[in-house]
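Here is a friendly tour of one protein model. Please keep the sequence and the 3D view open while you read.

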Amino acid sequence: IYSAVLTPWGAQLHLARLDANRPQPAPDARVLDEFVGGTSVLWSQDGESLAYASQWIGMQPRTPGLLDLLKLRFVVASARTGERHELRPTLSYINDFAWTADGRGFYAAGADVQGGKGVYHIDAQTGTTRQLARVLAHEETQLAGIWTEQRDKLYYLRIVTANQVTKLVEH
């Protein structure tokens with residue numbers, strides 16, 4: 001189980017065991033990372049890795065510097081050792097993401113550093129990013145979390161920002 005402990009200047013990502021008979025996490029909770037801003041966290045299908053993306057999306061605090069806050073952090077951590085591998089995808093932000101079926105990458109809905117928006121594939125080892133689907137400038141994307149039984153098709157939402165009209169798209 002993971003939890004984020006928020007402070008005025010950021011958060012800590014904790015990995016903790018929970019006991020159904022105790023309302024508090026076990027005392028052996030360990031801090032995996034500290035970050036500033038919003039975050040999304042997902043376990044791999046095999047339960048061995050924890051991936052998280054974080055980025056400051058609110059007002060500028062006094063520290064760290066604004067340019068550091070705007071950078072997207074995308075990290076894969078080993079649940080066993082806590083070792084972290086920070087990826088550098090060429091994305092400016094991520095709305096959401098999901099592990100690929102084979103566990104060797106991620107699908108991400110967001111925008112690239114050139115200003116394009118869409119759905120992207122991120123390699124889990126190298127961070128190499130490639131666009132799978134592009135949307136118009138006045139649209140946003142979200143992963144629908146739906147795959148075919150063979151997991152050969154990805155579905156995502158294409159959302160018109162002004163009126164929130166949403167289309168379900170198959171890729």
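F106 is buried, since its relative accessible area is 0%; buried here means under 20% relative accessible area, exposed means over 50%, and partly exposed lies in between (1.4 Å probe, protein chains only). This is a predicted model, in which local features need pLDDT of at least 70 and side-chain atom pairs count only at pLDDT 80 or more, while totals for chains, interfaces and linings use all residues. Residues are numbered from 1 along each chain as its sequence is written, and side-chain values use heavy atoms, with hydrogens and water left out.

F74 and F106 make an edge-to-face pair, because their ring centres are 4.9 Å apart and their planes stand at 70°. This pair links distant parts of the chain, with F74 in strand β6 (residues 73-78) and F106 in strand β9 (residues 105-112), 32 residues apart. Strands (E, at least two residues) and helices (H or I, at least four) are DSSP runs, numbered from the N terminus. F74 is buried too, with a relative accessibility of 0%.

## Two nonpolar cores

A nonpolar core is a set of buried Ala, Val, Leu, Ile, Met, Phe, Trp, Tyr and Cys residues joined through side-chain atoms within 4.5 Å. The largest one has 15 residues, and F74, L91, I94, F97, F106 and I122 are those that touch the most other members. At least two residues of this core come from each of β5 (49-55), β6, β8 (91-99), β9 and β10. Strand β8 supplies the largest share, four residues.

Have a look at I122 in your viewer. Leaving out residues up to four places away in sequence, its contacts (heavy atoms within 4.5 Å) include F74, L91, I94 and F106, as well as G127, T128 and T129. There is also a second, separate core of 11 residues, with A98, Y107, A109 and L143 among them.

## The four-strand sheet

An open sheet of four strands runs in the order β8-β9-β10-β11, with antiparallel pairing; two strands pair if DSSP finds at least two bridges between them. Strands β8 and β11 are at the edges, each pairing on one side only. From one strand to the next, the twist averages 30°, where axes are lines fitted to C-alpha atoms (for helices over the stretch in contact) and angles run from 0 to 180 degrees between N-to-C directions.

Seven bridges join β9 and β10 in the antiparallel sense, and G105 has D123 of β10 as its bridge partner. Strand β10 (residues 117-123) also pairs with β11 (residues 129-135), antiparallel and over six bridges. Here Y120 is the bridge partner of Q131 in β11. In this hairpin, five residues lie between the strands, and G127 takes a positive phi near 80°.

## Another hairpin

Further along, β13 (residues 154-160) and β14 (residues 166-170) run antiparallel and are joined by five bridges. R158 has K167 of β14 as its bridge partner.

Q164 counts as exposed because its relative accessibility is 53%.

## Salt bridges

The whole structure holds five salt bridges, each being a side-chain nitrogen of Lys or Arg within 4 Å of a carboxyl oxygen of Asp or Glu. One of them joins R158 to E139, whose closest N and O atoms are 2.8 Å apart. R158 lies in β13 and E139 in strand β12 (residues 139-147), so the pair ties together parts that are 19 residues apart in sequence. Is E139 buried or exposed? At 3% relative accessibility, E139 is buried.

R88 meets E86 with the closest N and O atoms 3.3 Å apart; R88 is exposed at 58%, and E86 is partly exposed at 32%. D102 and R104 join at 3.1 Å, N to O. Relative accessibility is 47% for D102, which is partly exposed, and R104 is exposed, with a relative accessible area of 60%.

Notes. Rings of Phe, Tyr and Trp (its six-membered ring) pair if their centres lie within 6.5 Å; planes under 30 degrees apart count as stacked, over 60 as edge-to-face and the rest as tilted.
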